[in-house]
Amino acid sequence: MSEPKPPTPTPGDTYKGWLFKWTNYIKGYQRRWFVLSNGLLSYYRTQAEMGHTCRGTINLATANIAVEDSCNFVISNGGAQIYHLKASSEVERQRWITALELAKANAANMQDESDDSGDDCSTLAPVPGQGGGCRNSELQSTLRTLNSKVEDLSTCNDLIVKHGSALQRSLSELEGLRVGADMGEKIRQVTERATLFRITSNAMINACRDFLSLAQSHSKRWQKSLLSERDQRIRLEETLEQLAKQHNHLERAFRGATVLQPSFSNPSLSSKDGPSGKGDASDEDDDNEFFDAMEDPAEFITVPADPKYHRRSGSNISGFSTETGMDDQSYDEVSLASSAESSQPLELEPIRRRRTRIPDKPNYYLNLWSIMKNCIGKELSKIPMPVNFNEPLSMLQRLSEDLEYYELLDKAAKCHNSLEQMCYVAAFTVSSYSTTVHRTGKPFNPLLGETFELDRLRECGYRSLCEQVSHHPPAAAHHAFSEKGWTLRQEITLASKFRGKYLSIMPLGSIQCLFDKSNNHYSWKKVTTTVHNIIVGKLWIDQSGEIDVVNHKTGDRCHLKFAPYSYFSRDVPRKVTGVVTDKDGKAHYVLSGTWDEKMEFSRIMQSSKGENGTEGKQRTVYQTLKAKEIWKKNPLPEGAENMYYFSSLALTLNEPEEGVAPTDSRRRPDQRLMEEGHWDEANAEKQRLEEKQRFARRERERESVKAVTLAEEVVSVDSFNDSALKTDAQESAAAESDISSESTHQDNYQPLWFKKIEEVASGETLHVYKGGYWEAKEQGVWDMCPEIF
């Protein structure tokens, strides 16, 4: 299949040939026809496509060319386009590298010197067919002049070196001579060589002066031309953006309805960074594999409600009517909006000044593939990971970050209507994912018995405590309570699998929120988090799945859908939609937005069955009032990209504090060393702690086995002595002993601050806070805490 090998090209040649281009992990390298011409490298599937379909083009003027091995090389232009190519042989690869380097140099020179002649030509009347000739002729003349000056400089440099060496030799010989007859001859030779050196030096200086003068005379026009090109590029980008907006508007108008409210057609959302893979986005569609191949049709669509619903009425402001009518508009367009304004947190003076920065993340290189290639299919918690893949926070601290937007629960606690309250709880559920959009670092796995407290009672009105209650499988329990009348508790077990090119993290367990005033009890689960481009490319995170937030007291429900990223979707990335329904299934609110930016809610005034969507499914049409914002993400602190993209709250989580338990994550040495930038020491400390934890686990298991053996011996002696008198009660006791024997062979660790119960309302078993921690902190007594660090 190899083509005849052409000779090494010169800078003006067009170079063509077959190369193998990386497409994706399914198809690997595919054979493509590449054409190098005028500083541009283009490729096609076949030679026949050259006349009509170009699959991709990269400009070599700003590209980087890197050789990987004997046959492979990479071409990139700063991240937007990356071509991973492979030649059929090392000789063929070298021919391509030579041709690409020559073309790159030529393209760079042409780009630096282009468009200057336009100033001169603009003063003349344009002659058809001669405008380009004027520009090219002056450009070629300037290039020839500059090249000749460079050649003069090179010639003068060679002469200076030559004559300087000769002069040095003559001076050395002159120093070694004694006064005699040949002294005059040597002085004459030195004088001649010094004269030649002076003449050559003057020529060198004059050539440099001419070159500098010529370069300065053209620099102003070059700068002006560069600015003109930049302005033109900006105008083209603005035009394209306007065209994209118009196209989207016309498309939505043609369909007759919008999937999201108009406020979510913001181009800033749709232009957010998408996933970047090993190939570029311009590659052929069927050679790329995406997380979601088809756009998932919306289950419902929303349209503006009839104007009569927007008329204000003084009655039924805080009530909720089950009938759609004039008074129903007053709904909580007033109620929720007033709640959002009136329940702003009070500005309380903090008890201490929290830090706003941590040391910048070091730029250490690490080959991920060398570590990951032997870990495919294994449980993530069982893979020994260096801290290079971590962020200086533990999983317990990441759980506490769910309280970043605790104000939503404060507002929910003030709601008199359970459906209104459901909107805030659902928004709080979505807000917990906003801190993950750029957080590609893995949190530290907590050690068994590790805790983390977050005491913001005086500042924000809440206290939070987490504890690692199990090691295999890893499980963490979290309890938070607020003076505003709500309690949040959760137990999360992470099931994670490495799939080769992406990592799936499936949180197991439930989150529960209880409100003191209304006794409403909510529960929900988390969606799946996927980390893409684990091996090659820029890491990016996506959240996908569905969440059902259930009020166990009233039967209200909110169904939230996190849409997975799809290259083919016309919706905004990271979209979340939801519908709040009562116990009878009647819809009352629509939630829409993105999990990384904001959420909006709108009241449903009327619903009806609409047109059939794709796959023959009939979608519901909701007539809604104008959408209002219920949650918006806080901006990241300045320089967050150098601080692991931590939020303002995350920056304070590992800040040292006095009086915390000796098992607190802030006291973990490997985590502290990593935050301070000492990664080698952190890796060594991390291995020490993990080995210490394994040893402690083996000791507990050994003690359990001893206890079981002793119990079996006692039962055996009693059975031998009283075999004839054995009663049914003894048989039952023996059975219980057998069960106890089986259970004690497992790790019998008991959490210090949490206990396992079966929740009646939700029917789930989880660890809940049993009390004692904050009292122990006030007394400063931590004797009950194990030594884990």
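Two strands count as paired if DSSP finds at least two bridges between them. Helices (H or I, at least four residues) and strands (E, at least two) are DSSP runs, numbered from the N terminus. By these criteria V74 stands opposite H84 in strand 7.

The model is predicted: local features need pLDDT of at least 70, side-chain atom pairs count only at pLDDT 80 or more, and totals for chains, interfaces and linings use all residues. Residues are numbered from 1 along each chain as its sequence is written, and side-chain values use heavy atoms, without hydrogens and water.

**Overall content.** The chain holds 16 helices and 27 strands. Of its 789 residues, 44% are buried, where buried means under 20% relative accessible area, exposed over 50%, and partly exposed in between (1.4 Å probe, protein chains only).

Strand 6 (residues 72-76) and strand 7 (residues 82-86) pair in the antiparallel sense over 5 bridges. An open sheet of 7 strands runs in the order 4-3-2-1-7-6-5, with antiparallel pairing. Its edges are strand 4 (56-59) and strand 5 (64-67), each of which pairs on one side only.

Helix 10 (residues 418-431) comprises 14 residues and spans 20 Å from its first C-alpha to its last, close to the 20 Å expected at 1.5 Å a residue; the expected span is 1.5 Å times one less than the number of residues. A nonpolar core is a set of buried Ala, Val, Leu, Ile, Met, Phe, Trp, Tyr and Cys residues joined through side-chain atoms within 4.5 Å. The largest such core has 65 residues, and those with the most contacts inside it include W486, F515 and L560. Helix 10 gives the most to this core, with 9 residues. A second, separate core of 20 residues includes F34, L41, I58 and A99. Counting contact as heavy atoms within 4.5 Å, L560 touches A426, T429 and V430, among others, with residues up to four places away in sequence not counted.

**Backbone geometry.** Most residues other than glycine have a negative phi, and most peptide bonds are trans. The peptide bond from H472 to P473 is cis, with omega near 0°, and P473 lies in the loop between strand 12 (462-470) and strand 13 (475-482).

| Residue | Phi | Relative accessibility |
|---|---|---|
| Y644 | near 65° | 7%, buried |
| Y645 | about 60° | 32%, partly exposed |
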